[in-house]
Amino acid sequence: MQDLKIVQKRINRAIFEKVTYPSYLYGGIAERDYVRNARVHANAKSLIALDVQDFYDSIPADEVFSIFKFFCRFPDPVARALTDLTTRHGRVPQGACTSSHIANLVFFDTEHRIVRELQQQGLRYSRLLDDITISAEKPLTRERTSKVVHKIKLLLANKHLKLKGNKTRVCSNSNPEVPMEVTGLWLNRGAPRVFRSERHDIRAEVFRLERMYELSSSAPDYHEEHNRVSGRISKIAYVGHFEAERYRAKIRSILPIYDGKEVVRTMRLARVVCATPIHLRGSLSYLEKWHQVNYRLGLLARTNKGLAAKYRALLQKCLPPVSKEELLYG
C-alpha cells in the first residue's frame with residue numbers, strides 16, 4: 001500500500017498537477033477550496049445545491065481510462081496501466097490521492113458545454129468534487145429551476161451517475177427558513193459565513209477546553225480535543241470571523257503538555273529512531289518516524305526545554321538523508 005501511495009503521488013505530480021483546470025472546478029486543486037467555492041455565489045438571490053450520489057464508487061474504470069486516453073492523450077497501454085494504478089475493483093477509491101483529480105476530470109468532455117450555457121443565461125456554476133452549486137442574482141421561477149436541475153441530471157446520466165435526491169436544495173435569500181448553504185457555509189447575508197450554530201458550538205468548546213485544562217492538560221483526550229477545537233477555530237478565522245483571534249489566544253494559553261509517562265516514551269522513541277541503521281534511513285517510514293519524534297519534542301519543550309534540546313541535538317545527528325519530496329518524486 002505504501003508503494004502504491006508513492007506511485008499515485010508521482011502520477012499527481014507528473015500528470016494531474018500540470019492540468020489547467022476550468023475556473024468552475026474546486027476541491028483537490030491548489031488555492032481552490034470550499035471557501036473560494038462558496039465565494040463564487042456571494043450575493044446570490046437564488047441558489048440550487050446538488051449532490052452526486054455515491055460519486056467516487058460510481059465512477060467506473062472505463063471512465064478513468066477515457067480520461068487518460070482522450071484527455072491526457074496517452075496510448076492505450078499507458079492509459080490502461082494508469083487506470084489500474086488509480087482504481088480498485090473497477091471503481092475510483094475514495095481516499096486515494098489521485099481520486100479527487102479524477103473526480104474533477106470525469107466530465108471533461110461534457111461539463112464545459114453545460115457551464116457555458118448556464119453562464120449565457122446569467123447563472124453561476126461551480127463544482128467541488130461531488131457538490132454542484134448553481135446560483136442567480138435574480139429569483140428563479142420553479143419552472144426555470146426544474147430545467148436547470150434536469151440539465152444537471154443529463155450531465156450525470158451521461159456518465160452513469162445520478163443526483164442524491166434528498167440532498168437537492170433550492171433556496172433564496174428571501175426565505176430564512178431554508179438557509180442558502182454552499183459547502184457548509186452560509187450565504188444569506190452575501191459573503192460566506194460560518195453558521196451561527198457552529199459559532200456557538202465553538203465558543204462552548206473553547207469554554208469546555210478551559211475546564212479540561214484545569215483537570216489535566218496532559219491527558220490524551222485533552223491533546224485530541226485541543227487539536228480538534230484548534231481546527232474548528234482555523235475554519236472561522238479563514239472566513240474572517242471577528243472572534244477567531246480571541247479564541248486562538250485562549251487556546252494558545254492552555255496548550256497540551258506531556259506527563260512523565262509520555263516524556264519517557266518520547267525519549268525512548270528518539271533513541272529508537274537514532275539507533276536505526278544508516279542504510280535504512282532512506283525509507284519513507286523512517287522519515288515519518290523522525291518527524292513524529294521531532295513533533296513530540298516540540299511538545300516536550302513546553303515543560304522541559306533543556307531535555308527537549310538535548311534530544312533534538314541527538315535527532316539532528318541522524319537526519320533522514322533525503323527529503324519527503326526527493327523520496328516521493330526522485
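**Exercise 1.** What span should the 17 residues of helix 12 have at 1.5 Å a residue, and how far apart are its end C-alpha atoms?

*Solution.* Keep in mind that we're working with a predicted model.
- Step 1: find helix 12, which covers residues 284–300.
- Step 2: work out the expected span, which is 1.5 Å times one less than the number of residues. For helix 12 that comes to 24 Å.
- Step 3: check it against the model. The end C-alpha atoms are 24 Å apart, so the two values agree.

**Exercise 2.** Describe the salt bridge between Arg13 and Glu325, and say where the two residues sit in the chain.

*Solution.* 
- Step 1: recall the idea. Side chains of opposite charge can pair when their charged atoms come close.
- Step 2: check the distance. The closest N and O atoms of Arg13 and Glu325 are 2.5 Å apart, and the cut-off for a salt bridge is 4 Å.
- Step 3: ask how open they are. Arg13 has a relative accessible area of 29%, so it counts as partly exposed. Glu325, at 43%, is partly exposed too.

**Exercise 3.** Work out how Lys151 and Glu117 pair up, and which helices they join.

*Solution.* 
- Step 1: their side chains meet in a salt bridge, at 2.4 Å from N to O.
- Step 2: Lys151 lies in helix 7 (residues 142–157) and Glu117 in helix 6 (residues 111–120), 34 residues apart.
- Step 3: Lys151 is partly exposed at 22%, and Glu117 is partly exposed at 30%.

**Exercise 4.** Find what separates Arg211 and Glu214 along helix 8.

*Solution.* 
- Step 1: Arg211 and Glu214 form a salt bridge, with the closest N and O atoms 2.8 Å apart.
- Step 2: they are three residues apart in helix 8 (residues 196–215), so about one helical turn separates them.
- Step 3: Arg211 is partly exposed at 33%, whereas Glu214 is exposed at 57%.

**Exercise 5.** How many salt bridges does a search of the whole structure find?

*Solution.* The search finds 21. There is also a network of salt bridges linking Glu198, Glu205, Arg208, Glu225, Arg228, Arg232 and Lys235.

Key
Residues numbered from 1 in each chain as written. Predicted model: local features only at pLDDT ≥ 70, side-chain atom pairs only at ≥ 80, totals over all residues. Heavy atoms only, no water. Helix = DSSP H or I, 4+ residues; strand = E, 2+ residues; numbered from the N terminus. Buried < 20%, exposed > 50% of the residue type's maximum accessible area, 1.4 Å probe, protein only.
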